[in-house]
Amino acid sequence: MTAVETTPARTGGAKAALVTFSTRHASVLPTFAAIAILIVLLVGAQFQFGNFVSPGNMSALLYDNAHLLILAVGMTFVIVTAGIDLSVGSVMAFTGILGASLLTNGVPVWIAIPAMLVGGALIGLLIGVLVQQFDVQPFIASLAGLFLARGLAFVVSLSSIRIEDPVMDWLRTRFSVGGWYITPTGIIALLTVVVGAVIMHRTRFGRTVYAVGGSEQSARLMGLKVARTKVMVYVISGLCGGLAGLVLTAYSSAGYPRNGIGTELDVIAAVVIGGTLLAGGRGYVLGSLVGVLVFGTINTIISFMGADQSWTHIIVGALLLLFIVVQRAIVARSERGS
Amino acid sequence: MRLVKHRLFWPLAALITLVVVNVIANPNFAKITMRDGDLYGNPITILRESTPLMLVALGMTLVIATRGIDLSVGAIMAVSGAVSLTIIDGVSDPNSVPAVLIALVVGVLVALVLGAWNGFLVSVLGIQPIIATLVLMLAGRGAALLITDGKITTVNSEPLAFLANGYLILLPFAFFLWVVAVVVVALIERRTALGMLTEAVGINPEASRLAGVRSRGIVWSAYIASGVLAGIAGLIYAANIKAADANAAGYLIELYAILAVVLGGTSLMGGKFSIAGTVIGVLTVTTLDKTLQFFGVAPAQAPVFFAAVVIVVVLVQSPRVHRWGRSLRVRGRAPAPAPQAAEQADRQKEAVR
Amino acid sequence: MTTDTDVPALVEMRGITISFPGVLALDGVDFFLRPGEVHSLMGENGAGKSTLIKALTGVYAIDAGTITVAGARRSFESTADAQEAGISTVYQEVNLCANLSVGENVMLGHEPRSRGGIDWKAVHEQARGHLTSLGLELDTRSALASHSIAIQQLVAIARAMVLDAKVLILDEPTSSLDRGEVEQLFAVIRDLKEAGVAILFVSHFLDQVYEISDRITVLRNGKLVGEFPIDDLPRDALVTAMIGRELSDLAALSSVADREIPRDGAPVLRVSGLGRKGLLEPADLDVFPGEVVGIAGLLGSGRTELVRLLYGAERADSGTVEIAGESARIHSPRQAMAHGIALSSENRRAEGVVADLTVAENMILGVQAQRGWLRPVPKAERDAIVGEYMEALGVRPADPALPIGNLSGGNQQKVLLARWLATQPELLILDEPTRGIDVGAKADIQRKVAELSAQGLSVIFISSELEEVLRIAQRVVVMRDRRRIGELDSSDVDLDGLIDYIANADEGSVAR
């Protein structure tokens, strides 16, 4: 038997290395683009304002966007399976107000916090079952989840609930080193990223998520557990919604049923900008981290400029469009290629 | 039996049931009174307040018929309201009818451009409808906020207020507006071949292509129609609150519109659409909304009920539930791995060969 | 080499019956697969090949019959069950995940794990081992999508090895491979055979079937025709077994094949060198006024591809088309229609009927598409068109307001024929117009085609039923393995002659 294909890397040379890289890691390119955008934004802002890349500012980036980051991790799982979850903003609001209400009614914090997480996961489970068992389009199923969670948030309370709870207060204590600081909420967000990345990259479940997104039919024919995986990603997204509700409630020391209106769009935009393909099959939790940082940085720059905050959405919308068109081109090319 | 089989039977039955429940619970629900030669009362309010949703759902019906979806309608409403009211706010006499008319036309034209943009992304660039319209859904509201400088632009303009609250022969002007819109759309779709070709493209794009149907223009026109109708809806909304509120205008309306379309019997999978069904669907949604208010549910809590309605409706449409229904009736063998779907997939595979 | 029939079968399928709503896809079929043999499963479209394979791989549940693997009764609920029993499948369209790396595709679901989760180093090492045993030196970390389909097929086989497959099903693995790639695949198949793997092979390419198989099982219309050692089944016997003989009452139809067609004038259509890489090797075709040209060949021979390229349904990358002596550029079905060409697709459900629209709407769709949406076909004209064709073709039930999905296959086909006739084409292309429809509808359609051609319409007629082709067409173009191999005058040849030609003729030979 003869060898039929040789590895390009073994022929040596920089060009060959490039070829190897591109055959191995083409799917990382959008994430690199996002990193490049982030760097350009930071450097540009530093030149413009002089004091932009300061420890305080950079620490605030994580502090202010911790809830977005958590939601983005969950959303990455869903989008990589080629699904979508529109319910995340509402789930965050619901679990936040639920937690606030439980705490003010004297429920101990060690019951309230799990209740928030379970509440989020249950809504995710509902969406997942609708998608998987009843062939409902993810968009519609998660829409039902959005309605449900938003309505439930207002059922819990029509107005915001302030909370005074030592644990919740502790969650936003700042541990400072020099000008830098980090809060437990920030640590939770970063831990979510790490756990999410490990699950996606180092477990069979995570690899099945990618396989389902690459080709659900193939995944099924390869004997992978497709149904369970598809339900699970929505549960994970719901769980992240619950966690984000906890973090946001601690951050604002209040539950507010109007929280997170339109947040699902911000999260989807951040995930896509971070290099996850909306058509599924490609994407990284770490890319979504970058996407959220890009989103947060644009937000901060705009408030530095004193410009209207609505510019954030216009710019993010434009970036989203750019990434979608580029993704479309990549997909079209890979379809031609095969 | 024939009656039951009619596609509008169930939507209509749902609406009538809803009204009957209301009337039994509270006889005042259906009460109509005459004041100053105009009619007032709950049913009239429902007809009047249905207008924005009716217009948006009408456009959504056409988009869904092409197998698409338009998420940006709420954002387009915000933009058209912001544009028109900013213009009216800027003129010396906000009560001047020509000035208001021009402002309204500009608002609708902007909406048309936005609709055309969506259509371009979908029909020319071939981007999935959900994603293509997501862009505008995200950026549109931001643009509207910029136009209004982030404030809520309030305007006191008689001609504008007339749009939402004025009366024409006994009934609200807004009611006539949606009736006219429904009739015009129905005429364009059903008196030309557009409706049939739209359905053909939505049901079987490949067969339509082989039959020589120019699907690009058809899909594009659906998004333009959706944009224009959403633009008008935005004006009605702004006229009603006498202000351009870029955050609240059309908030979640895409979801209610989709719900109304589905309630009216048009499948989300595209194809056959029913304008009459959408009218019934919208009236059902608005009536349900009023009903919840009547029963003392806070408006903010209403989504819980709508979520339940959405879930019931999608379950009723779900193939699996249909199979259960069939196997209960036929008492045949349980079709383990969806033979029908599998067979269909098979034939599609055959087509690829 | 041929394996001994006495070797106990590894897979025994007995009396397998599967029905779908309205269709009996498999009717009591027996199938035996022995270790160390390559066993080809042959049959035309709708014969039940894929259904049988799907029964064996757990995609479909069987209604009746038994499946025994290595002596144990099995009932598969899913592909995972079948894999566990040692049955692996490599499909035509490569059912792997193009978004993942080569190594991961080989190992997916069976990744070696250490304490920190999946051990990627071990994954790629093991994958490389499996690939090497198939003679493949690949960068296992490269994306699957960066390799050719042939390599992807081999990766799929390597995956089957990870599952320690005792039975390997190759479902048309060669349909998109070139000659060299096929050789490479066959080398791997032979190695596996030596190692005692039982291989079920499906291909439309007769040459390949005869090159690699030890045994052939033929299915037709969901029934078993028979199991034959390769040496006992010459090619023409195989083709006959696959195609069968049609019912005699159709043969009573008056034959129009003897009609003299003057071929000295300009042809309605002249195609030269039309082709597309991987789809069809450049082919020629002439059609004269009033002529019916049949295209004969098995499924996958390129017969459908030729007419799709011609109609603009697919882009050609070589060749020219002349219509009535003038060169024509056809890049879309719309342009083809503007040149007076109509194509009725072989795939009625996916490419023909618009299921939820009514019979009348389906009939006028082509006319309406040509006119554009602004000029609806007036009601009177529409009623006239619909009335005329309902009558002329005998569509049943004769209610134009019914959704076409409610009609039987034969009547749907009549409606589609009406759709194309209503556009008043100069050249009508019918791809398998009579497949899977009842005898009455079949006779109606054949009669109509004969009648129209007598009135001057040119027709290209594609059918798997060779008797039908011989009866209707004056000239028969024969295709095999995506090539045109020649043409025959149908008055000079009988069914056996045509079968022999399809099975054995050398490329370029002309039997005229």
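**A first look at chain B**

Of the 353 residues that make up chain B, 56% count as buried. Keep in mind that this is a predicted model.

**Overall build**
- Chain B holds 17 helices and six strands.
- Its radius of gyration is 22 Å, close to the 20 Å that the globule rule gives for 353 residues, so chain B is as compact as a globular protein of that length.

**Contacts and surface**
- Take the contacts in chain B between residues at least 6 apart in sequence: 77% of these join residues at least 24 apart.

**A helix pair to look at: α6(B) and α12(B)**
- Helix α6 of chain B covers residues 97–124, and helix α12 of chain B covers residues 215–241.
- The two pack at an angle of about 150°, and their axes are 7 Å apart.
- Where α6(B) passes α12(B), the crossing is right-handed.
- On the α6(B) side, the residues making the contact include Leu104(B), Val108(B), Leu112(B), Gly115(B) and Phe120(B).
- On the α12(B) side, Arg216(B), Trp220(B), Tyr223(B), Gly227(B) and Leu235(B) are among them.
- Sorted by type, the residues of this contact come out as 15 nonpolar, six polar and one charged.

Definitions and conventions. Residues numbered from 1 in each chain as written. Chains lettered and ligands numbered in written order. Predicted model: local features only at pLDDT ≥ 70, side-chain atom pairs only at ≥ 80, totals over all residues. Heavy atoms only, no water. Axes fitted to C-alpha atoms, helices over the stretch in contact; angles between N-to-C directions. Helix = DSSP H or I, 4+ residues; strand = E, 2+ residues; numbered from the N terminus. Left-handed = near helix turned anticlockwise from the far one by under 90°. Contact = heavy atoms within 4.5 Å. Nonpolar A, V, L, I, M, F, W, Y, C, P; charged D, E, K, R; others polar. Rg over C-alpha atoms; globule rule 2.2 N^0.38 Å. Buried < 20%, exposed > 50% of the residue type's maximum accessible area, 1.4 Å probe, protein only.
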